Amino acid sequence: MAEAPECPDCQRINEVLARVGDRWSVLIVISLSRYETLRFNELKRHLGISQRMLSLTLKELERDGLVSRTYHAVIPPKVEYSLTELGKSFREPVKVLGKWALDNLAAIDSARADYDITNELAAKAG
């Protein structure tokens, strides 16, 4: 597939946004920003995420250089996660995104309710 001349970097941007733009990645970055270092089960408990999804997301964030994983050879084994320098550079955009979400919850809820009512009426009429 040829790149569009208007956006030669769109493919690469898409790859990055696919990782850092998904909800679990954003929520993990927010949690690690707040608490600095968390164990796997602490993250799982904070986020209400399944074990499988947390594991997959952490591996991808680690692969992309945003999260570091530290294994402590104790009994029971202890694994901790924290943001790398690259991950820390992502804190501010994530903070802004999170604030926007919180600031606009009521407007989004209202828009959803209006949309649902409109579509429900159209379905009944149709």
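**Figure 1. Overall dimensions of the protein in the predicted model.** The radius of gyration of the protein is 19 Å, whereas a compact globule of 126 residues would have a value near 14 Å. This is a predicted model, and its C-alpha atoms fill a box of roughly 65 × 40 × 25 Å when the axes are taken as the principal ones.

Figure 2. Seven helices and three strands make up the elements of the protein, and, read from the N terminus on, they follow the order α-α-β-α-α-β-β-α-α-α. Among contacts between residues at least 6 apart in sequence, 43% join residues at least 24 apart.

**Figure 3. Surface and charge of the protein.** About 9300 Å² of the protein is accessible surface, and carbon and sulfur atoms account for 56% of that area, while 21% of the 126 residues count as buried. The side chains include 18 positive and 18 negative ones, with the centres of the two sets lying 9 Å apart.

**Figure 4. The disulfide between Cys 7 and Cys 10.** The count of disulfides in the model comes to one, and this bond joins Cys 7 to Cys 10 with an S to S distance of 1.6 Å, which lies within the 2.5 Å cut-off used to assign a disulfide. Because the torsion about the S-S bond of Cys 7 and Cys 10 is about 110°, the disulfide is right-handed. Cys 7 has a relative accessibility of 24% and therefore counts as partly exposed, and Cys 10, with a relative accessible area of 37%, is likewise partly exposed, since that class covers values between the 20% limit for buried and the 50% limit for exposed.

Conventions. Residues are numbered from 1 along each chain as its sequence is written. This is a predicted model: local features need pLDDT of at least 70, side-chain atom pairs count only at pLDDT 80 or more; totals for chains, interfaces and linings use all residues. Side-chain values use heavy atoms; hydrogens and water are left out. Helices (H or I, at least four residues) and strands (E, at least two) are DSSP runs, numbered from the N terminus. The radius of gyration is taken over C-alpha atoms; the globule rule is 2.2 Å times the number of residues to the power 0.38. Buried means under 20% relative accessible area, exposed over 50%, partly exposed in between (1.4 Å probe, protein chains only). Contact means heavy atoms within 4.5 Å. Accessible areas come from the Shrake-Rupley method with a 1.4 Å probe; for residues, only the protein chains shown count as cover. Lys and Arg count as positive and Asp and Glu as negative; His and the chain ends are not counted. The place of a charge is taken as NZ of Lys, CZ of Arg, CG of Asp or CD of Glu.
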